[in-house]
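Subject: Structure handover

Hello,

Here is the structure for you to look at.

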Amino acid sequence: MAELINLNKARKQKARAAAESLAVANRIKFGRTKAEKQRDASAEAEAARRMDGLRRELPPADSSDD
């Protein structure tokens with residue numbers, strides 16, 4: 001015989017599981033210390049500066065060649 005389940009309890013259990021998975025994601029996303037955030041921001045800024053330094057400048061387009 002099949003096992004009987006209470007649909008109300010199953011719905012609540014599913015909602016709790018979804019809320020817990022969202023909480024885990026938020027802990028990973030927002031649960032960092034100020035020092036970690038500053039370290040990541042400075043590393044990102046350094047990478048942007050290096051990329052700007054390595055960028056080649058295109059020669060200016062001379063529009064007087066007509």
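The notes below cover the overall shape, the surface and the salt bridges.

First, the ground rules. This is a predicted model, in which local features need pLDDT of at least 70 and side-chain atom pairs count only at pLDDT 80 or more, while totals for chains, interfaces and linings use all residues. Residues are numbered from 1 along each chain as its sequence is written, and side-chain values use heavy atoms, with hydrogens and water left out.

**Overall shape**

The protein chain has two helices and zero strands. Both terms refer to DSSP runs, numbered from the N terminus: H or I of at least four residues for helices, E of at least two for strands. The chain is more spread out than a compact globule, because its radius of gyration is 27 Å, well over the 11 Å that the globule rule gives for 66 residues. That radius is taken over C-alpha atoms, and the rule is 2.2 Å times the number of residues to the power 0.38. The C-alpha trace spans about 90 × 40 × 15 Å along its principal axes.

**Surface and charge**

How much of the chain is buried? Of the 66 residues, 0% count as buried. Buried means under 20% relative accessible area, exposed over 50%, and partly exposed in between, with a 1.4 Å probe and protein chains only. The protein chain exposes about 6900 Å², and carbon and sulfur atoms supply 57% of that. Areas come from the Shrake-Rupley method with a 1.4 Å probe.

There are 15 positive and 11 negative side chains. Lys and Arg count as positive, Asp and Glu as negative; His and the chain ends are not counted. The centres of the two sets lie 20 Å apart, with each charge placed at NZ of Lys, CZ of Arg, CG of Asp or CD of Glu.

**Salt bridges**

The count comes to five salt bridges. The criterion is a side-chain nitrogen of Lys or Arg within 4 Å of a carboxyl oxygen of Asp or Glu.

- Arg49 and Glu46 meet at 2.7 Å, N to O. They are three residues apart in helix H2 (residues 34–54), so about one helical turn separates them. Arg49 is exposed at 51%; Glu46 is partly exposed at 37%.
- Arg55 pairs with Asp52, the closest N and O atoms being 3.3 Å apart. Arg55 is exposed at 53%, and Asp52 is partly exposed at 48%.
- Glu20 bridges to Arg27, with the closest N and O atoms 3.3 Å apart. Glu20 is partly exposed at 42%.
- Arg32, Arg39 and Asp40 are linked in a network of salt bridges.

Best wishes
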